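Me: Could you walk me through this structure in plain words, please?

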Amino acid sequence: MKELVFRKSSYSGRDVNCVEVATLPPSFRKSSHSGVNGDCVEVADLPAGAAIRDSKHPERGHLAFPAAEWDAFLAAARAAEL
C-alpha cells in the first residue's frame, strides 16, 4: 500500500496546534458491466461513496458520488437488468 503524505490543513491556525490531512488515492477496478471491446468504466470504493472514470482516459479525472447517491444508482441499474 502506498504511504500517505500528510500536509497542514488550510483551516489550521498559525500556532503549533494544527490539523494535518492526507488524500487517499482511490484504487480503481474494471466494472463488471464494462464491454469486452475496451470500452471500460472503472469504479473505486471511497470512504463515503464511490468514484467512476473512463479507463481509456484516467488522466481526465473521475466523478465522485456520496454513498446515498451511489446506492440509488446501483439500485436503479439492478432494477433495469430485470
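Predicted model: local features only at pLDDT ≥ 70, side-chain atom pairs only at ≥ 80, totals over all residues.

Reply: Residues are numbered from 1 along each chain as its sequence is written, and side-chain values use heavy atoms, with hydrogens and water left out.

Me: How many bridges join S4 to S5?

Reply: Strand S4 (residues 41–46) and strand S5 (residues 49–54) run antiparallel and are joined by 6 bridges, where strands are DSSP runs of E with at least two residues, numbered from the N terminus, and two strands pair if DSSP finds at least two bridges between them. The two form a hairpin with 2 residues between them, and valine 43 has isoleucine 52 in S5 as its bridge partner.

Me: And which strand is S5 joined to by 4 bridges?

Reply: That is strand S6 (residues 63–66), which runs antiparallel to S5, and there alanine 64 is the bridge partner of alanine 51.

Me: Is glutamate 42 buried or exposed?

Reply: Glutamate 42, which sits in strand S4, counts as buried because its relative accessibility is 16%, and buried means under 20% relative accessible area, with a 1.4 Å probe and protein chains only.

Me: What does the side chain of glutamate 42 join in a polar contact?

Reply: The side chain of glutamate 42 has a polar contact of 2.6 Å with that of arginine 53, the term being used for a pair of N or O atoms within 3.5 Å, of which, within protein, one must be able to donate a hydrogen and the other to accept it, while residues adjacent in sequence count only if both atoms are side-chain atoms.

Note on methods. Buried < 20%, exposed > 50% of the residue type's maximum accessible area, 1.4 Å probe, protein only.
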